[in-house]
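Hi there,

Here is the model I promised to pass on to you. My notes on it follow below, and I hope they are handy when you open it.

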Amino acid sequence: MSIENILGIAGSALDAQSERISIIAQNMANASSVQSPDGGPYQRRIPVFESTTVGDDSDQASGVTLAAVLRDQSPPKQTYDPSNPLADARGMVQEPTVNPVFEMVDLMEASRAYQANLSVVETAKNTAMRTIDILK
Amino acid sequence: MSTTISPQGLPDLASIKPQPAAGPQGGGFGSVLENVNGILQQADQLAAGYAQGKVGLTDAVLASDQADTAFQLVIGVRNRALAAYQEIANLQV
């Protein structure tokens, strides 16, 4: 297991976590989008991570990748607003199930995970540099 | 006419021929330098690719970090070699 492998693994995690943050940004931005291209309100997106091989196959190093982005299948939130042009016959407007508090907690978790993987990169770099310092 | 007297266990000095220095193609420090140069250029390309929006930030930064590590190693080896040479050159005869 070499330095390049550590950088490859931690780098894949950095990529995955930043993808996750961008999905959270998308959810937050669409927290009140009552319409979407697929019809109906915006459906909350859920990232799915998957362990994957990084670098040379012989090393069998496992990094992480974003395998899929799923949609929250729970029924949309119903709000009574008869004056809204999008309201149905009962005066209900369908809104996304995005909960901003939920998304903020997820954002904090993703940000901390990103920082943790940055620490791994930093440690790998420092150990390599200190090994090279033996020459001095 | 002089003859070389070889002490027991030591090689006959007259039989030692100077070895041709290893060129950049023949392995050795030259090829290492070329490798590191390749890594540095790759890191530069990734940085340019990031500026053009083709490469991710982490890829560019990690390649640059790896290139820096390789370069520091080469500098360390070069300093070691130079120090050894100077020690020999400064020997009092």
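α2(A) and α2(B) are roughly parallel to each other, a label given to angles under 35 degrees, while angles over 145 count as roughly antiparallel, 65 to 115 as roughly perpendicular and the rest as oblique. Their axes cross at roughly 10° and come within 9 Å; axes here are lines fitted to C-alpha atoms, for helices over the stretch in contact, with angles running from 0 to 180 degrees between N-to-C directions. Helices (H or I, at least four residues) and strands (E, at least two) are DSSP runs, numbered from the N terminus. On the α2(A) side the contact is made by A:Lys125, A:Ala128, A:Met129 and A:Ile132, and on the α2(B) side by B:Asp65, B:Thr69, B:Gln72, B:Leu73 and B:Gly76. Contact means that the C-beta atoms of two residues, placed from the backbone, lie within 7 Å. By class, the residues of this contact are four nonpolar, three polar and two charged, where Ala, Val, Leu, Ile, Met, Phe, Trp, Tyr, Cys and Pro count as nonpolar, Asp, Glu, Lys and Arg as charged, and the others, Gly among them, as polar.

Before going on, a word on conventions. This is a predicted model, in which local features need pLDDT of at least 70 and side-chain atom pairs count only at pLDDT 80 or more, while totals for chains, interfaces and linings use all residues. Residues are numbered from 1 along each chain as its sequence is written, and chains are lettered from A and ligands numbered from 1 in the order in which they are written.

The other helix of chain A that meets α2(B) is α1(A): these axes come within 10 Å and cross at roughly 160°. That makes α1(A) roughly antiparallel to α2(B). α1(A) contributes A:Ile3, A:Glu4, A:Leu7, A:Gly11, A:Leu14 and A:Asp15, and α2(B) contributes B:Thr58, B:Asp59, B:Leu62, B:Asp65, B:Gln66 and B:Thr69. The residues of the contact of α1(A) with α2(B) divide into four nonpolar, four polar and four charged.

Within chain A, α1 (residues 3-29) packs on α2 (residues 100-132) at an angle of about 160°, with the axes 9 Å apart. The two are therefore roughly antiparallel, and their crossing is left-handed. The contact of α1(A) with α2(A) has 18 nonpolar, five polar and three charged residues.

Now for the two α2 helices one at a time. α2(A) has 33 residues and reaches 48 Å from its first C-alpha to its last, close to the 48 Å expected at 1.5 Å a residue; that expected span is 1.5 Å times one less than the number of residues. Its buried residues are A:Ala110, A:Asn117, A:Val121, A:Ala124 and A:Ala128, and their cover includes α1 of chain A and α2 (57-89) of chain B. Buried means that 20 or more other C-beta atoms lie within 10 Å of a residue's own, exposed that 12 or fewer do, and partly exposed is in between, with C-beta atoms placed from the backbone.

Chain B as a whole has two helices and zero strands, and buried residues make up 11% of its 93 residues. B:Asn35 sits in helix α1 of chain B and counts as exposed because it has 12 C-beta neighbours inside 10 Å.

Two residues of chain A may also interest you. A:Tyr42 lies in the loop between α1 and β1 and counts as buried, with 24 C-beta neighbours inside 10 Å. Beyond its neighbours within four places in sequence, A:Tyr42 is in contact with A:Asn30, A:Ser33, A:Ser36 and A:Pro96. A:Val48, in strand β1 (residues 45-54), counts as exposed, with 10 such neighbours inside 10 Å. The C-alpha atoms of A:Val48 and A:Ala67 are separated by 5.6 Å, although the two are 19 residues apart along the chain.

Best wishes

Conventions: Left-handed = near helix turned anticlockwise from the far one by under 90°.
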